[in-house]
Amino acid sequence: MHMMLKLAASALAVTTVAGTANGAVLVSGNSSAESCYTAAARQSDSRGDLRPCDFALQEEALTHRDRIATHVNRGIIQFHRGQYNLALSDFDRALQMDPEQPEAMLNKAITLMRRDERGQEALPYFTRALELGTEQPAVAHYGRGLAHHLNGDLTAAYHDILTASELAPEWDAPRNDLSNFIVEPNS
C-alpha cells in the first residue's frame with residue numbers, strides 16, 4: 001500500500017535532537033579521562049569540566065580507545081557550551097583515530113544540525129552512526145528524520161521519526177512530531 005505524507009501546519013522540533021548530544025563514551029580506570037566522561041554524560045556546559053579532558057589528552061598515558069573516547073567526551077562538553085566548531089574538531093579527531101566510532105559520528109551529526117540548522121551535511125553521519133551500531137539508535141533515527149524533513153523528504157522523515165518513537169516510547173519529542181504528519185492513502 002502506498003501512502004502520501006503531508007506535514008501539518010506545525011513544524012517539527014529540529015532543535016530538539018540538537019539538544020541531545022550526549023553519546024558519552026565510557027573510559028576505564030580512575031583518571032581525568034573518567035572525570036571527562038562523567039561531565040559529558042551529565043551534559044555539562046562548564047568550562048571547568050574541560051580541564052580533566054585536556055589534562056587526560058595531554059598528560060595521561062591513555063589507551064588508544066580511551067584517547068578516542070576522551071575526544072568524543074570533550075566534544076560533547078564543547079557542544080553544550082555552544083562551541084560547535086571546537087566540538088566538531090574533537091569529533092573529527094576521534095574519527096581520524098577510528099573512522100568507525102559510532103558515537104563520534106552521531107555527535108558530529110547532531111552538532112552539524114545545531115550549528116547549521118540544515119540536514120544535508122548531517123544526514124550521512126546519522127546514517128553511518130546507525131550502520132556502525134550507535135548505542136543511541138533512537139537519537140540517530142530521530143536526527144536523521146529531522147534531517148530528511150529539512151531536505152524535503154517527508155516519507156523518509158516520517159519513517160525515521162516513527163522508528164525513533166518505537167525504539168524509545170518514553171521519549172516525547174518523536175511521538176509529538178509524529179502528530180505533525182498527515183498520512184493519506186494514495187488514490
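Tutor: Of the 187 residues in the chain, 52% are buried, where buried means under 20% relative accessible area with a 1.4 Å probe, protein chains only (exposed is over 50%, partly exposed in between). This is a predicted model, in which local features need pLDDT of at least 70, side-chain atom pairs count only at pLDDT 80 or more, and totals for chains, interfaces and linings use all residues. Residues are numbered from 1 along each chain as its sequence is written, and side-chain values use heavy atoms, with hydrogens and water left out.

The chain has 10 helices and two strands, taken as DSSP runs numbered from the N terminus (helices H or I, at least four residues; strands E, at least two). Their order from the N terminus is β-α-α-α-α-α-α-α-α-α-α-β.

Now to the part you asked about. Helix α2 (residues 32–41) packs with helix α3 (residues 50–59) at an angle of about 145 degrees, and their axes are 8 Å apart. Here the axes are lines fitted to C-alpha atoms over the stretch in contact, and angles run from 0 to 180 degrees between N-to-C directions. The crossing of α2 and α3 is left-handed, that is, the near helix is turned anticlockwise from the far one by less than a right angle. On the α2 side the contact (heavy atoms within 4.5 Å) is made by Ser32, Ala33, Ser35 and Cys36, and on the α3 side by Pro52, Cys53, Phe55 and Ala56. Sorted by class, six of these residues are nonpolar, two are polar and none is charged; Ala, Val, Leu, Ile, Met, Phe, Trp, Tyr, Cys and Pro count as nonpolar, Asp, Glu, Lys and Arg as charged, and the others, Gly among them, as polar.

The link is right-handed, with 95 degrees about the S-S bond. Both Cys36 and Cys53 are buried, and the structure holds one disulfide. In general, a disulfide is a covalent bond between the sulfur atoms of two cysteines.

Technical notes:
Disulfide = S-S within 2.5 Å.
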